[in-house]
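This report goes through one protein model, part by part. Please keep the sequence and the structure in view while reading.

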Amino acid sequence: MQKYIVIADDLTGSNATCSLLKKIGLRAASILKLQNGMKYDTDVISYSTGSRGLDKEEAYKKVSEAIKILKDKNVLVYNKRIDSTLRGNIGAEINAMLDNLEDDRIAVVVPAYPDSKRIVVNKTMLVNGVLLENSDAGKDPKTPIKTSCVETLIQKDCKYSSTYFDLADIEQPIEKLIKKIQKSTEKSRVLIFDTVNNEDIIKISRAIIQSNINIITVDPGPFTLYFSKELQKEKHLEKKILMLIGSVTETTKKQIEYILQEEDIFLVKMKAESFFEKESCIKEIERVISFIKKGIESYELFLITTSPIGDEKN
């Protein structure tokens, strides 16, 4: 079984990343205590070191201890989960992850969380359109943030050199982005990215995978989600979901219309009238199967329905 290991610096973050990864069909567990040799019957093991408010030496020690216990040859993704407003011992905890994994590991840092209104533009984090240091999160009484510069916050206490990718880099054709990523890894163990929307994160994920580098994800969740999703596609590990709906009620029609708007679904309309005769029934089944095969590589969600959609009549 391929595993996904998440090391968070607080329990809320640990749980949040579990919730995100469950969206792509992974079974996730947020655990409270680590034990050597413990086996977990789950895809995602997420553990909080509770190290956000500790000094950097203690944070490094706790992350090191956790990764030594959890690392395994079958791990597909390692994630250092960080706060979406960049509080905590980010640099020291990146050190701990890289120091205790293979020498070729690269930390890919994508600190934005667009759905929560955290974006990064030209090294600057904005929270709901406000500079991070001026936001409520930046004024946290325990761990206040004194700068909005993402690069400064990531590099603090980090012993590894970094390369920064701004929006201009991300807007390039993916081939050029891949080349810069590969070139950067010759001198840097940490890559940091601007991001303003989920499309940026998806592009970064695809570029990282096509760069064929060994990484840990460092982010508040979205990059790990999209990177894992793209990796599943690349390795053909994604779980397909088939929905079959035959109801003709108004409630069902509204539910179908809603899910088609919210999700990327491969829709197959089956002709109910074809099932009254054996010959036409066989032909219709063959047509539906042939049609589904066209979308099997590109989609995870499939809907076969005889229900009327929109203005269609019953």
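The largest pocket of this predicted model has a volume of about 730 Å³. It is lined by 23 residues, and those closest to its centre are Lys23, Ile24, Lys229, Glu263 and Leu301. Rolling a probe the size of a water molecule over the atoms shows where empty space is left.

Ser228 has its place in helix H8. Its relative accessibility is 1%, and Ser228 therefore counts as buried, since buried means under 20% relative accessible area. Leaving aside residues up to four places away in sequence, Ser228 touches Tyr4, Leu21, Ile24 and Val77. Ile24 is also among the residues closest to the centre of the largest pocket.

Tyr4, one of the residues touched by Ser228, stands opposite Val44 in strand S3. Strand S1, residues 3-8, pairs with S3 in the parallel sense over five bridges. Both strands belong to an open sheet of eight strands with parallel pairing, in the order S2-S3-S1-S4-S11-S5-S10-S9. S2 and strand S9 (162-165) stand at the edges; each has a single partner strand, so one side of each is left without a neighbour in the sheet. On average, and with direction ignored, neighbouring strands of this sheet are turned by 20° against each other.

In the order of this sheet, S11 stands between S4 and S5. Strand S4 (residues 75-81) pairs with S11 in the parallel sense over three bridges, and Arg81 has Asp219 in S11 as its bridge partner. Strand S5 (residues 106-109) also runs parallel to S11, joined by four bridges. Here the bridge partner of Ile106 is Ile215 in S11.

Are the residues of strand S11 (residues 215-219) mostly covered or mostly open? The strand is mostly covered, with five of its five residues buried. In a regular strand the side chains alternate between the two faces of the sheet. In S11, Ile215, Thr217 and Asp219 point one way, while Ile216 and Val218 point the other way, and all are buried.

At the S9 end of the order, helix H6 (residues 174-184) lies across S9 and strand S10 (190-193) and runs at about 165° to S9. In the loop between strand S2 (28-31) and strand S3 (44-48) we find Thr42. Thr42 counts as buried because its relative accessibility is 6%, under the 20% limit. A polar atom of the Thr42 side chain lies 3.5 Å from the backbone nitrogen of Ala28.

**The sheet of three strands**

A further open sheet has three strands in the order S12-S14-S13, with parallel pairing. Strand S12 (241-245) and strand S13 (265-269) are at its edges, each with a single partner strand, so one side of each is left without a neighbour in the sheet. Neighbouring strands of this sheet are turned by 15° against each other on average, direction ignored.

S13 and strand S14 (residues 301-305) run parallel and are joined by five bridges. Within this pair, Phe266 stands opposite Phe302 in S14. Helix H10 (residues 278-295) lies across S13 and S14, at about 165° to S13.

Most residues other than glycine have a negative phi, and most peptide bonds are trans.

Is Asn212 buried or exposed? At 71% relative accessibility, Asn212 counts as exposed, because exposed means over 50%.

**A residue in helix H9**

Glu250 is in helix H9, which covers residues 250-262. With a relative accessible area of 48%, Glu250 is partly exposed. Glu250 and Lys142 are 108 residues apart along the chain, and their C-alpha atoms are separated by 52 Å.

Technical notes: Residues numbered from 1 in each chain as written. Predicted model: local features only at pLDDT ≥ 70, side-chain atom pairs only at ≥ 80, totals over all residues. Heavy atoms only, no water. Pairing = 2+ DSSP bridges. Helix = DSSP H or I, 4+ residues; strand = E, 2+ residues; numbered from the N terminus. Axes fitted to C-alpha atoms, helices over the stretch in contact; angles between N-to-C directions. Contact = heavy atoms within 4.5 Å. Buried < 20%, exposed > 50% of the residue type's maximum accessible area, 1.4 Å probe, protein only. Polar contact = N/O pair within 3.5 Å; in protein donor to acceptor, adjacent residues only side chain to side chain. 1 Å grid on protein atoms, 1.4 Å probe; cavity = no way out; pocket = protein on both sides within 12 Å on 5 of 7 lines; lining within 4 Å. Points joined across faces, edges and corners; volume = space filled by probe spheres on them.
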